Amino acid sequence: MDAAVDSRFGRCPYFVVVDAETGELSSHDNVQNLNAVQGAGIQTARTVIGLGVGAVITGNMGPKAFATLQAGGVAMYVGAQGTVKDALEAWKAGRLQKVDRPNVEGHWV
């Protein structure tokens, strides 16, 4: 819960999956996408969908990841910063923006 939120969804080093009802959490690495030449957002989104999550909380969301998550029925919230705990608290308080389109261009730094 004290880990920093990465501003990049597709190239984040790992995910923290939190059950919003029970507070149970698990972490999953994303090492295969950290240095991918292309397709990191799509592959990361597929991994998240495979984990069965209902929503993603992140700093930013690019177009390919957005399209993949949207097709998988996953809600997306951007603007997260600080720690995982901070991001969850911001989400619960309604301070994160639910997006209906990507908020950054592809391959941004």
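**Exercise 1. Which residue forms a salt bridge with Asp100, and how far apart are the closest N and O atoms?**

Solution. Begin with what is being examined: this is a predicted model, in which local features need pLDDT of at least 70 and side-chain atom pairs count only at pLDDT 80 or more, while totals for chains, interfaces and linings use all residues. Residues are numbered from 1 along each chain as its sequence is written, and side-chain values use heavy atoms, with hydrogens and water left out.

Step 1: apply the rule, which asks for a side-chain nitrogen of Lys or Arg within 4 Å of a carboxyl oxygen of Asp or Glu. The partner of Asp100 is Arg101, and the closest N and O atoms of this salt bridge are 3.6 Å apart.

Step 2: look at the surroundings of the pair. Both Arg101 and Asp100 are exposed, where exposed means over 50% relative accessible area, buried means under 20%, and partly exposed lies in between (1.4 Å probe, protein chains only).

Step 3: complete the count, which comes to 2 salt bridges by this rule. Asp6 and Arg8 also meet through their side chains, at 3.2 Å from N to O, and Arg8 counts as partly exposed because its relative accessibility is 32%.

**Exercise 2. Describe the sheet that contains β4, and say which way its side chains point.**

Solution. Step 1: identify the strands, which are DSSP runs (E, at least two residues), just as helices are DSSP runs (H or I, at least four residues), numbered from the N terminus. The order β3-β4-β5 makes an open sheet of 3 strands with mixed pairing. Since β3 and β5 stand at the edges with a single partner strand each, one side of each is left without a neighbour in the sheet.

Step 1: follow the pairing, remembering that two strands pair if DSSP finds at least two bridges between them. β3 and β4 run parallel and are joined by 3 bridges; in β4, Val56 has Met76 as its bridge partner, and Ile57 has Tyr77. Between these two strands the chain passes through helix α3 (residues 63–71), and this β-α-β crossover is right-handed, a term used when, with the strands pointing away from the viewer, the path from the first strand over the helix to the second runs clockwise.

Step 2: check the side chains of β4 (residues 75–78). Ala75 and Tyr77 point one way, Met76 and Val78 point the other way, and all are buried.

**Exercise 3. How much space lies in the largest pocket, and which residues are closest to its centre?**

Solution. Step 1: recall the idea of the search. Rolling a probe the size of a water molecule over the atoms shows where empty space is left. On a 1 Å grid over the protein atoms alone, with a 1.4 Å probe, a pocket is an open set of points with protein on both sides within 12 Å along at least five of seven lines, and lining residues have an atom within 4 Å of a point.

Step 1: the largest pocket holds about 670 Å³ of space. Its lining has 28 residues, and the closest to the centre are Val16, Val17, Ala55, Val56 and Ile57.

Step 2: β1 (14–18), β3 (55–57) and α4 (84–92) each supply at least two residues of this lining, which divides into 22 nonpolar, 2 polar and 4 charged residues.

Methods. Points joined across faces, edges and corners; volume = space filled by probe spheres on them. Nonpolar A, V, L, I, M, F, W, Y, C, P; charged D, E, K, R; others polar.
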